[in-house]
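Subject: The structure you asked about

Hi there,

Here is the structure I promised to pass along.

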Amino acid sequence: MSDLTPQVRRRRTFAIISHPDAGKTTLTEKLLLFSGAIQIAGSVKARKASRHATSDWMEIEKQRGISVASSVMQMEYRDCVINLLDTPGHQDFSEDTYRVLTAVDAALMVIDAANGVEPQTRRLLQVCRARNTPILTFVNKMDREVQEPLSLMDEIERELGMSVVPFTWPVGMGKAFHGVMDLREEQMRVFSPGEDRKTLDDEIIDGLQNPVYAERFGAEYEHARHDIELVQMAAPSFDEAEFLSGKQTPMFFGSAINNFGVREVLDALVDLAPPPSNRTAIQREVKPDESKFSGVVFKIQANMDPAHRDRIAFVRVASGHFERGMRLKVVRSGKELRPNTVVSFLSQRRELLDEAFAGDIIGIPNHGVLQLGDTLTEGEALQFTGLPFFAPEMFRTVEVADPLRTKQLKAGLQQLGEEGAIQVFRPVAGSMLLLGAVGQLQFEVVAHRLEHEYGVKARIAPSRFQVARWVTCDDANELKRFIDGNSHRVAHDAVDAPTVLVEYAPELRAIEANWPKIKFHALREHA
Ligand code: G4P
């Protein structure tokens, strides 16, 4: 127990994971409403008039309706400080999303009850599972004709490999959606549609077996009662340890757009999701309530606000007490930072932040001093582990249309590369830069941003490469020999890590066989 323990215990840092259109934006808005962070229902959605939300900043998102940027919302609810990290929904941005997921302590999975488990949910969930992130599940859109709740539950269990513990159960669906039974409180919350409804007005009926139910809700109640009996016999009871290790997920039903069932999820987050815990650095485990500050850069966003034209490093506080103006050391470079204009994020407004504790996210404007994966401390040499970079699966060459703007191209790509929007490779032989991405859309975004933010029209053309692997070796001489011997297919990435690029997977296997001492990595962790 330290002075900081109470502050740490009241933090909840989470992200919403879902397939596009499942209702993440809608749910985010309702969560913000509860905390008073925004006042008017519809204000997030209204800004999405051209399909963009409070949490979306960039021009390109307005055009495409895809959350390219992740952002952070902080709100107070009950006694807790809740940090909600937004994740881009489109699969082409999954790399960025994966890194955001390294900065959270829990995730809220939103499932569209009509569509069940969708591909993007599955991928994101795998990342959470790999990190043992606890997951709460919200089954949305019960006001529509959707799948049977039992089959949804079964699908989640089978597809996602977690056991599901229903905390609530729906009575009816679509036009005959009557509400949800709270299986733990043993009461029913009666549904009434309407966007601006406050849940305090909800009608509550006591008991799971109240005779009123059959009278008022007829066949739908009978159906739900039958399901509930089955579920109570078959489903496991809630087990905190299983939940905290990501093996069991509490499930809630509702309708985000009608603000129904949302408060229950928020309460569950406060009651069940864990506060910040220890984080692993190469040197040691770091406790969240240690007095000295430490944090890790998990995201960099350039030119987030056209009015500011700067780069913001998103830092997850791992320990200590951050105060504006304090001296921080970038462990990788040894450079000192004294951020005076640190920003926190509340809805779309950027506000100056005075202090932060473990679990909070701070935004540090900088001009390239901070890179993805950097650790910041008050002086101690610590390097946090676990920020993933994935080997790109698509490659393009990039050239500038107007040779006089080569410098701007390089500067732009350097920044976009450091931000993680794209991976930039400098081949050992030859001068043409290579771009690597996990999804096609990343190239389009980069071309767009080069043009609008750096004034460079880039020519992006197909490249023959298809596969990349980072290469390392315990023996530095052997690594040098490898690089020299393969200079036609080795390139350096944004942090100078050597990478071998090949056209076909069999070619890679041949190289691996020929160079037994060299290690080939599809995933690079910043270290
Ligand atoms: P996303 O951020 O996950 O992509 O989803 P978003 O919240 O934008 O929701 C996707 C669509 O689903 C929106 O409709 C939204 O209104 C609708 N939706 C969200 N929650 C519910 C719900 O509980 N019930 C029903 N019936 N619909 C819901 P849209 O037509 O695509 O957009 P809009 O024209 O309504 O803005």
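How many nonpolar, polar and charged residues are there in the shell around the ligand? By class, that shell has 4 nonpolar, 8 polar and 6 charged residues. (Ala, Val, Leu, Ile, Met, Phe, Trp, Tyr, Cys and Pro count as nonpolar, Asp, Glu, Lys and Arg as charged, and the others, Gly among them, as polar.)

Two things to keep in mind as you read. This is a predicted model, where local features need pLDDT of at least 70 and side-chain atom pairs count only at pLDDT 80 or more, while totals for chains, interfaces and linings use all residues. Residues are numbered from 1 along each chain as its sequence is written.

**Around the ligand**

Lys24, Thr25, Thr26, Ser255 and Ile257 come nearest among the 18 residues around the ligand; a residue is near a molecule if its C-beta atom, placed from the backbone, lies within 6 Å of it. The most is given to this shell by helix α2 (residues 24–35), with 3 residues.

**The chain as a whole**

The chain has 14 helices and 33 strands. These are DSSP runs numbered from the N terminus: H or I with at least four residues for helices, E with at least two for strands. Of its 527 residues, 47% count as buried. Buried means that 20 or more other C-beta atoms lie within 10 Å of the residue's own, exposed means 12 or fewer, and partly exposed is in between, with C-beta atoms placed from the backbone. Two residues are in contact if their C-beta atoms, placed in that way, lie within 7 Å. Among contacts between residues at least 6 apart in sequence, 71% join residues at least 24 apart.

**Cores and a buried proline**

The largest nonpolar core has 96 residues, and those with the most contacts inside it include Phe14, Ala107 and Val315. A core here is a set of buried Ala, Val, Leu, Ile, Met, Phe, Trp, Tyr and Cys residues joined through C-beta atoms within 7 Å. Leaving aside residues up to four places away in sequence, Ala107 touches Phe14, Ala15, Ile17, Leu101, Cys128, Thr133 and Ile135. Another core, of 31 residues, lies apart from the largest one, with Leu413, Leu416, Ala437 and Val456 among its members.

Pro149 lies in helix α7 (residues 149–160). Pro149 counts as buried because it has 24 C-beta neighbours inside 10 Å. Not counting residues up to four places away in sequence, it touches Trp169, Pro170, Asp227 and Phe253. Pro149 and Phe253 are 104 residues apart along the chain, yet their C-alpha atoms are separated by 8.9 Å.

**Two loop residues with positive phi**

Most residues other than glycine have a negative phi, which makes a couple of places worth a look. Arg78 has a positive phi of about 50 degrees and lies in the loop between β2 (72–77) and β3 (80–85). Arg78 counts as exposed because it has 12 C-beta neighbours inside 10 Å. Glu186 has a positive phi near 55 degrees and sits in the loop between β8 and β9. With 12 other C-beta atoms within 10 Å, Glu186 is exposed too.

Met181 stands opposite Met188 in β9. On β10 (residues 203–206), which also runs antiparallel to β9 with 4 bridges, the bridge partner of Met188 is Ile205.

**An open sheet**

Finally, 8 strands form an open antiparallel sheet in the order β28-β25-β27-β26-β30-β31-β29-β32. Its edge strands, β28 (458–462) and β32 (519–521), each pair on one side only. From one strand to the next, the twist averages 40 degrees. Helix α14 (residues 505–514) packs on the sheet, touching β29 (467–472), β31 and β32, and its direction makes about 130 degrees with that of β31. For those angles, axes are lines fitted to C-alpha atoms, for helices over the stretch in contact, and values run from 0 to 180 degrees between N-to-C directions.

Within the sheet, β26 (residues 423–427) and β27 (residues 433–437) pair over 3 bridges. They form a hairpin with 5 residues between them, where Gly430 in the turn has a positive phi of about 95 degrees.

Happy browsing!

Best wishes

How values were computed: Pairing = 2+ DSSP bridges.
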